[in-house]
Amino acid sequence: MAKINCFIPAQETEWLEATIKGLRQSSLVNKIYLLSSNGCKYADCETIDVDNLTSSATVAKIAAKSDAEFSLIYTKYTILELGQYAIERFYNLASASKVGMIYSDYYQIADGVRSNLPTIDYQAGALRDDFNFGSVLFYNADCLKQALAQTKENYQFAGMYNLRLKVSQLSEILHINEYLYAEVEFDTRKSGEKQFDYVDPKNRGVQIEMEKACTEHLKKIGAYLVPKFKDVHFNEGTFENEASVIIPVRNRERTLEDAIKSVLSQKADFKFNLIVIDNYSTDKTPEIVEKYAKIDARVVHLIPERTDLGIGGCWNAGIDHPSCGKFAIQLDSDDVYQDENTLQTIVNAFYEQNCAMVVGSYTMTNGQMETIAPGLIDHKEWTPENGRNNALRINGLGAPRAFYTPMLRKVRLPNTSYGEDYALGLYFSREYQIGRIYTSLYMCRRWEGNSDAALDIVKMNANNLYKDRIRTFEVKARIALNKQK
């Protein structure tokens, strides 16, 4: 009956007893191995010396011990509390479906409180390295070993990430919509505090490895794009203004005035205006916009005819306006430009880099515009050589974003309030260069009113599922494009 080898991270023995006892209750469990960097031991368990849990060396050692039909890998240094017949459920579904890996929903215990943590379905576009599988990964052992055999790189940080990419090339990765275990979570930061971890400069080495693994995966599945781009010709249409700053807004009376002032203070050698799309605000936002529209002709106060618009829909209304300039430049209603030269810098980048879209850099601040960690967010993963491939792994493009309006009018934005800019970036980067500015162009203010400050799991899952779906469409589009060449 023994069909499963289990691999558990271990530094201290105090929590191992409960986890091992839970595993041994199933007759399907064959051997239990401890993955340890300090020689941690426990009765009747073999210790495997590892450098860390994410390296290719660790994956290789797991594969070498995967002599049962399946390998269960636990990825947390805390107690694993298995649900009723959870091991049997993993086994029955995996053996019947013949998939490469399965994972499930789970309960999270944080600060002593147990909560439901549903996960989302894996798909071709679920390429981000922070995809949440939970902490129990149930691999077909043969598939795991085949994936390792196809790995040529020796990753220090991207070993586990590379493993699941390789497995996805060989077989399916499936999600069980059942709560099969509970795990303890110590990272209790809110969503808005976690989302910038991957661009923290201290994680740069990790990101470089993740990019390499993802790029190799894209090459294998036929979705990789070589660094060859179409030229952009900036002579389409006639524009009264060279640039327009677009601000979609709803109920931002606290921050909007600062944003407007930062636009009107810009100095440039071209004409520009500001189009504020007021999405039926119910606070004093309309009064603020109207005040500036009366004293400065460059301010356009636009109230869309439709009442069903998200941020993307408001952007569409803005770029459709007759006074929209040749370049449409983003500014969120709670942020401000870094200095008076931002617009000039962005427009210059279009011509200097011959690009359809420009992505800048920004500085993280609190509500009082004091710099907070991690400071400058420059998205260096957006490189001319590989940015459009790496864009399928990362979960954001950087900011501020700017577009060549004639091209933007051809494709439009999805009428959503999340991921609309990301969808555009993937679309444009498929054929055109994305220009990059690595110096700070605006101050991104983090405060309790940010739309992403404290999302619950349902909303985070919906957002992540949407971006994964965007990536899935893009992967398919790039595979089709490569087949045409």
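Which residues in α2 meet Gly159, Met160 and Leu163 in α5? They are Ser56, Val59 and Ile62, where contact means heavy atoms within 4.5 Å. The model is predicted: local features need pLDDT of at least 70, side-chain atom pairs count only at pLDDT 80 or more, and totals for chains, interfaces and linings use all residues. Residues are numbered from 1 along each chain as its sequence is written, and side-chain values use heavy atoms, without hydrogens and water.

**Helix pairs**

- Helices (H or I, at least four residues) and strands (E, at least two) are DSSP runs, numbered from the N terminus.
- The axes of α2 (residues 56-64) and α5 (residues 159-170) come within 7 Å and cross at roughly 55°, which makes α2 oblique to α5.
- The axes of α14 (residues 420-429) and α15 (residues 457-484) come within 10 Å and cross at roughly 10°; α14 and α15 are therefore roughly parallel to each other.
- Angles under 35 degrees count as roughly parallel, over 145 as roughly antiparallel, 65 to 115 as roughly perpendicular and the rest as oblique.

**Strand β6**

- In β6 (residues 101-110), eight of the 10 residues are buried, meaning under 20% relative accessible area with a 1.4 Å probe, protein chains only.
- Strands pair if DSSP finds at least two bridges between them; β6 pairs with β9 (residues 173-184) in the parallel sense over eight bridges.
- Five bridges link β6 to β7 (residues 113-117) in the antiparallel sense, and two join β6 to the antiparallel β8 (residues 136-140).
- Gln108 stands opposite Glu183 in β9 and opposite Ser115 in β7.
- Two residues separate β6 and β7 in their hairpin, and Asp111 in the turn has a positive phi of about 55°.

Methods: Axes are lines fitted to C-alpha atoms, for helices over the stretch in contact, and angles run from 0 to 180 degrees between N-to-C directions. Buried means under 20% relative accessible area, exposed over 50%, partly exposed in between (1.4 Å probe, protein chains only).
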